[in-house]
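Please open the structure in a viewer and keep the selection panel at hand.

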Amino acid sequence: MWQLYLCLLVALAASETDNYEPFLNAKKTYEYKYEGMVRVGQEMPDLAESALKLRCTFKIIGESPQTFVLQISNVDFEDFNGIPGKSVFSPSEKLTKRLSAEFSQPIVFEFSKGQITDIRTAPGVSNAVVNIVRGILGFLQVTVKTTQSFYELVELGIHGVCQSSYIVEEDSNAKELMVTQMVDIKNCQQPAALYRGMAHAPEDKLSKQRGESVVSTVKHSYTVKSTADGGLITKASSQERQYFTPFNVKGGNSRMLALRNIELLKVSDTADKVMTGQVQSRGNLMYKTEKNLKPIPVVMINLNDPVPKILDLIKRLAQANIYHVDSASSTDVLNLIQLLRVATLENLEQLWKQVSGNDEHRRWFLDMVVEATDERILKFLETRFKLGDITANEAGQALVVAFNHLSADPVPVALAQEFLTIPFSKSPTLLWNTVVLAYGSLLYRYCVYTDPCPVTVVQPLLDMAASSLSKNSEEDMVLALKALGNAAHPSSIKTLLKFLPGYSPAAEKLPTRVQGAAVQAFRLLANRDPHSVQDIVLNLFVQKTLPAEIRMLACMVLLDTKPSIALISVITEVLLEENDLQVASFSYSLLKGIAMSRTPDNQNLSTACNIAMKILTRRLGHLSYRYSKSMHFDWFHDDFLFGTSTDVYMLKNESPIPSKLMIKGKIHFIGRIMQLLELGVHTDGIQELFAGKFPQITDFASIMKILTDWQNLPKDRLLTAYIRLFGQEAFLMDVSGESIQSIIKSLSPSAGKESKVWEKIQDVQRGTSWHWTKPHLVYEARFIQPTCLGLPVEISKYYSMVNGFTMKAKAEINPPPKEHLGELLSSDISLHTDGFVGVTKDHFVFHGINTDLFQCGVELKSKTINNLPWAFDLKINVKEQKYEMNLTPMKTATELFSVNSNVFAVLRNIEDPSFSKISPMMPETNYRQGLPLATSILPTSRDEQDTEMKFRQCAEATIYGTAICMEAEAKRSHYLHEYPLYYFLGHTRFSYQLEPAKSENPIEKIQIQVTAGRKHSPRVREMMDLSRRVFEALDSTPEPVVTVKALGLSPSAKPLGYEGVAFYLPTAQRDDLEMIVSEVGELANWKVCANANVDKTHSSVKAHLKWGAECQTYDVSMRVSSECQPESKPSIYTKINWGALPSVFTIIGQRIQEYVPGISYILGFYQKYEKNPENQAAVTVVALSPETFDLRVKIPERTYKKTLPSPIELVGFEAVNLTMST
């Protein structure tokens, strides 16, 4: 019996315990009011912001114990664009109407124990609205534990599967539980956030330790009331913040604030069952992104019926950019891309039929259609390849962009494989190289987002490598290896080893070029599988029987893996015993460059390399540039989280000509590293051409003689050039001796009508023109993260370019050539040409809310314009060595270069796309003019008001009727103390432009004449007499070598300008060179007189420069001499003395002298105070060995000394002594 009593007591106690587990009664209707708001801006006074506000009421109606219906009503959508406190929210009636219509559709969800497991809607509800529904329903997704006041859970929410930290506090009197939930959305196990366009810029953990560019916080608060059924959420609020900057968030940022408030209005019994009709599952509470990320955040246009809109845009853009690059329409490129991304494959085929017959429209379409970044573009290009209705050049340009911008998903990757089997792909070698390399690049991006990456996608490249090895085809092997290097698939390591000596017996006989390509194929794998790569390349590096080039490349890849200090110690020990000085020099310089590195990725490695330097410098530090070298330059700024690095690699063997030259550049930004550009040249054929001929090389003419001896050029590969973009090899071309021979034949004087040059000359005589444009989306990077409202906050960067070139030319040739090109050397040639070359670059950075219905955020817009127009006449007579150019001065202002940028608060919505709300973040005010740039935009006080500046300065050349002007405008916030973001917050304009100069006599023409040889005018005779007065007496009259005139011609006045004559008088003992430049004009007496003589008997050179009135105002002289006596070391002595100098020279010299002591200290010079001669400076270099020299610098008050390695080996003498006075 007592057991029964005990059970009753326990049941009674349990009935009195409050139940807070969230619960919805299937027989009840819950009515809530909802308000969600998002603000994007700086949250600072007087700066514009954008904001959205959504208010509604909603009911949750039970349909079954776990199934509920959501009914949303009283929808009110408002937006804000302006300065807080001065502007107010305004209703958006059209968008409210559209949202109300979608919210009225049936919405059903499954709910149990605080978890929403499925959301179902009518088929017509847009993804953007479903995500807003997720934001509304998110308040139900909460895990309540009353046994703990603090607990952590990994659970699903709108941001993904993330860790939540809970704090609970109970109010027992009110029977309410206060729950606070903090969500860590940075380290989600399954994030809903999405990155696009960053595959080639991997994250750098060491850089992120120095700062973040994006920081987000999420906090939810709930009030849960205990009821008989369970916990009832009566209030819920959320606050989410995101801080973003292109730099370090510590130095100012753009801020997104999302607020959500939900309050229970009433609970009632459900009267009638809701009819939901047909609904389909839309997933759980986790945010879902659009498959193709259709809405470009800086574009909002109506996307219905895209074909006529695309066609109209192509026609307008083509027409606007024929005679110049139209900067006003350059941003329409993004509108065109947006439309193409919603066009169907049938639409693309329809457009092709309409544009393919017009060269301009065809080119614009092919350049832009590649931005339809899914399977549609692949199917479209596949049809073109199979039908052959595009040229190989068009195909290569389109395919390389399409593959590199393609969404890296399984279906597009499978379709891309097909291009490896289409016969058209293999027609020209250059196109085939492009197809194979681009496919490898696509695989790299695919594997970034797919783990594990299936081997099936890389199998075609593995088969290609195996086939080329069995056929022993060097070109095919190199291409396959480079493509595998682009893909960097871990499964390719086994195949790569077959091409490496020491791992495969067959690899021992392969050409060094193939082995080198195999080693370099590990460069991107070094990031994905560093330990495997380290083992392989270290084994290659220590094998002293391998070619030096292979070992050097292995060392380069080894350091790309960021080896530990233990591995650096191994490299050091190897180099201490190394006999091959090419390997030793290259490896030592690699370590030395990294030892001085300041970028975060080398933070630990540079420490290890510094230790290695202390050990190796004594043995290897003196090696000159006769040996292989690497040079590394970098910088990094913590506040900006930005830096750059450049590497130059020069690999050599026995030949003085490097066998391989490479230069690459990286950008370090926001915790990522992007390998921007790499250029490389392999010079095996050049080495073969010059083999054994170096003793014949005495001057440039002897080099040209070898190069123009085309019959002796190697018939196969002369050199190989490649280009890497974003770390991917995108271009590979072999230049054969045969192709060089063909070019030389076409240009030779004996070439006749069969030459292609002959055909071009005939075209120019008839009058011809060339026109080319190239629009290109260079960069598109997007980071999309859901907010607690179900709205996506997006950080996007877009960089687009429009390039243009137009040239018209017409020539008159008298007499015209009849049989061969050499006849042109005896003809008078008159050529008129005009045209332009230009590029406009648009850069956008967006931070804010971006959906296909509306956009709200801040936007940086920057436009850079480069423009170079020309129009001139050219007259040429090669036989008489007369050349004349006539240019017409600019009649109107012509902008050569400009940069415009500003930051805006923006609002757009699809219901009224033409009525966007765009406000400068800093409101317009009157400018203060004439302020120096430094003081006007760099205030020293945080209380200083907004600063503005307008600046204009022109340098006029009135004698030529032309002026070049610089204009600058800048407006900056008084929040500059929040360095560094606010340096970019505000309006900026900077430009260079040519303008007509004001002069009494308008200049009609600028004439430049060049006459070579002995023919000269009476004025030149006067200069000849002057040369004999001004410089030391000559035994004979010098003859002019060349005469140059640059004159401004006006119909109403005599010519003005400048005239220069150069004289050369060689004798057995010495050579004299003289030059006189004088101003042309009746009263002009300004001249420049210069002479130099080389004393052949005493190995000395003297030079004297005078200028001013009759060459008498200012002067500088210099003497260089050398001696090599048996009893002393060889020496070269140089001394520069000066008399009177212009004041600007003196000021610059004094400024430079202030920095000399500090710079010399940094560079390791010994310095001593000495009273040296005034108006003189000296540098002495004494060679201590063939590879080192002692340097001594003397200036009026100091002497500096240091021993340095020689950049070249000082062959043939033990020492060199150089003294230079300045």
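Which residues are linked with Lys482 in a network of salt bridges? Select Lys482, Arg523, Glu678, Arg724 and Glu729, which are linked in such a network. A salt bridge is a side-chain nitrogen of Lys or Arg within 4 Å of a carboxyl oxygen of Asp or Glu. Side chains of opposite charge can pair when their charged atoms come close.

Before the next stop, note that this is a predicted model, in which local features need pLDDT of at least 70 and side-chain atom pairs count only at pLDDT 80 or more, while totals for chains, interfaces and linings use all residues. Residues are numbered from 1 along each chain as its sequence is written, and side-chain values use heavy atoms, with hydrogens and water left out.

**Stop 1: individual salt bridges**

Select aspartate 389 and arginine 384, whose closest N and O atoms are 2.9 Å apart in a salt bridge. Aspartate 389 counts as partly exposed because its relative accessibility is 26%, whereas arginine 384, at 2%, counts as buried.

Next, select lysine 660 and glutamate 549, a salt bridge with its closest N and O atoms 3.3 Å apart. This pair links distant parts of the chain, 111 residues apart: lysine 660 belongs to strand S18 (residues 660-669) and glutamate 549 to helix H19 (residues 548-560). Helices (H or I, at least four residues) and strands (E, at least two) are DSSP runs, numbered from the N terminus. Lysine 660 is buried at 1% relative accessibility, and glutamate 549 is buried at 13%.

Then select aspartate 1071 and lysine 1096, whose side chains meet in a salt bridge of 3.1 Å, N to O. Here too the pair links distant parts of the chain, 25 residues apart, with aspartate 1071 in strand S35 (residues 1070-1080) and lysine 1096 in the loop between strand S36 (1086-1095) and strand S37 (1100-1109). Aspartate 1071 is buried, with a relative accessible area of 16%, while lysine 1096 is partly exposed at 43%.

**Stop 2: a nonpolar surface patch**

Select Ile663, Leu676, Leu677, Leu679 and Leu725, which make a nonpolar surface patch of about 390 Å². Such a patch is made of residues with over 30% relative accessible area and no salt bridge, with nonpolar side chains (Val, Leu, Ile, Met, Phe, Trp, Tyr) joined within 5 Å and, in charged patches, like charges joined within 9 Å. Accessible areas come from the Shrake-Rupley method with a 1.4 Å probe; for residues, only the protein chains shown count as cover. Which strand gives the most to the nonpolar patch? Strand S19 (residues 672-682) does, with three residues. Leucine 679 lies in strand S19 and is partly exposed, at 38% relative accessibility.

**Stop 3: paired strands**

Select strand S1 (residues 28-41) and strand S14 (residues 254-269), which run antiparallel and are joined by 14 bridges. Two strands pair if DSSP finds at least two bridges between them. Lysine 28 has aspartate 269 as its bridge partner in S14. Glutamine 239 stands opposite leucine 259 in S14.

**Stop 4**

Most residues other than glycine have a negative phi, and most peptide bonds are trans. Select aspartate 451 and proline 452, which are joined by a cis peptide bond with omega of about 0 degrees. Proline 452 lies in the loop between helix H12 (429-449) and helix H13 (459-471). A cis peptide bond also joins asparagine 814 and proline 815, with omega of about -5 degrees.

Finally, select glutamate 43, which has a positive phi of about 55 degrees although it is not a glycine. Glutamate 43 is in the loop between S1 and strand S2 (49-62) and is partly exposed, at 29% relative accessibility. The loop between S1 and S2 also holds aspartate 46, whose phi is positive and near 70 degrees.

Technical notes. Buried means under 20% relative accessible area, exposed over 50%, partly exposed in between (1.4 Å probe, protein chains only).
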